[in-house]
Amino acid sequence: MGKIISIVSGKGGTGKTTTTANLAVALGKLGKSVVAVDGDLTMANLSLVMGLDDASVTIHDVLIGTAEIKDAIYAIPDFENVHVIPAAIDWEHVMKADPRGLPSVIKPLKEQFDYVLIDCPAGLQVDAMSAMLSGEEVLLVTNPEISCMTDTMKVGIVLKRAGLAMLGFVLNRYGRSSNDIPPDAAEEVMEVPLLAVIPEDPAVREATLEGIPVVAYKPTSDGAKAFMALAQEIERISGFKARVMY
Ligand code: ADP
Ligand code: MG
């Protein structure tokens, strides 16, 4: 049985989609079968970041009831073992799809893949909650700023109360400012394990624009190495925590 990980944060722009895409490709490189799900039903961009631009069936169609989930799963030929479930971007689909249906659509995917990674919307609104509660484990993504960290902590606390297992957090975009909160202080504040420090790296942004996650676009970059290390850490601890908790 596979693992379902919700990738979450308090604010937008922290790097959830970037982390989801890179973790998917990195775990694929480690030989695991992965599906990355775009759970951000109103601001979808995961499939673009992963280079899939011609998807006709999306998770919205599945939620609306006009398609089956198997028809919304796209293999990405360039990345071994990696699949994506895209979301629609047109307003009509967004209006019709009820996010509360996400858990029943996403949870069964663990029977088919080693990892189900959910790219969640930011915050605690119903669309974000529905996406986040579709997972069993949580990976928090934060930037090294206090307001970003406190908002992400709030989300973590709510999800822990809801019974999800906390894997830990990613400190993303570290080194952008001289006022950045250092990793050891961030770990003390967050009170959950620090799994990886991802540096601010222009290669990450370049890779986003190219539609190729940086672990594939520029594997020797510092950003790519940090995402690979995150994948190894996830591989080491995921599943274990969920088993201990239940
Ligand atoms: P979210 O999904 O949390 O809203 P994204 O993953 O879309 O955030 O990231 C927002 C922007 O920040 C993107 O343009 C992305 O390329 C950029 N970005 C994310 N992480 C890094 C990093 N470590 N270094 C440089 N740019 C980054
Ligand atoms: Mg996003």
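## Lining of the largest cavity

By class, the lining of the largest cavity holds 6 nonpolar, 3 polar and no charged residues. Here Ala, Val, Leu, Ile, Met, Phe, Trp, Tyr, Cys and Pro count as nonpolar, Asp, Glu, Lys and Arg as charged, and the others, Gly among them, as polar. The structure is a predicted model, in which local features need pLDDT of at least 70, side-chain atom pairs count only at pLDDT 80 or more, and totals for chains, interfaces and linings use all residues. Residues are numbered from 1 along each chain as its sequence is written, chains are lettered from A and ligands numbered from 1 in the order in which they are written, and side-chain values use heavy atoms, with hydrogens and water left out.

The lining consists of T18, N22, V49, V204, A207, T208, I212, P213 and V214. Both α1 and α9 supply at least two residues of this lining, and α9 gives the most, with 3 residues. Helices (H or I, at least four residues) and strands (E, at least two) are DSSP runs, numbered from the N terminus.

The volume of the largest cavity is about 40 Å³, and the count comes to 1 cavity of 30 Å³ or more. On a 1 Å grid over the protein atoms alone, a cavity is a set of points where a 1.4 Å probe fits but cannot get out, and a pocket is an open set with protein on both sides within 12 Å along at least five of seven lines; lining residues have an atom within 4 Å of a point. Grid points are joined across faces, edges and corners, and a volume is the space filled by probe spheres set on the points.

## The largest pocket

The largest pocket has a volume of about 520 Å³. Its lining has 24 residues, of which G13, T14, G15, T18 and R173 lie nearest the centre. Two or more lining residues come from each of α1, β7 and α9; the largest share, 4 residues, is from α9. By class, this lining has 8 nonpolar, 9 polar and 7 charged residues.

## Ligand 1

Ligand 1 takes up the space of the largest pocket; a molecule sits in a pocket if more than half of its atoms lie within 2 Å of its grid points. Around ligand 1 there are 16 residues (a heavy atom within 4 Å), and G13, K16, T17, T18 and T208 come nearest. This shell divides into 3 nonpolar, 8 polar and 5 charged residues. At least two shell residues come from each of α1 (16–29), β7 (165–174), β8 (194–199) and α9 (202–210).

An oxygen atom of ligand 1 lies 2.5 Å from an N or O atom in the side chain of T18. For the side chain of T17, the distance from an N or O atom to an oxygen atom of ligand 1 is 2.8 Å. At G15 a backbone N or O atom is 3.0 Å from an oxygen atom of ligand 1. The protein covers 85% of the 570 Å² of accessible area that ligand 1 has on its own (Shrake-Rupley method, 1.4 Å probe).

## The second largest pocket

The second largest pocket has a volume of about 190 Å³. Of the 14 residues that line it, S47, L52, A55, A87 and I89 lie nearest its centre. This lining divides into 8 nonpolar, 3 polar and 3 charged residues.

Definitions and conventions. A polar contact is a pair of N or O atoms within 3.5 Å; within protein, one must be able to donate a hydrogen and the other to accept it, and residues adjacent in sequence count only if both atoms are side-chain atoms.
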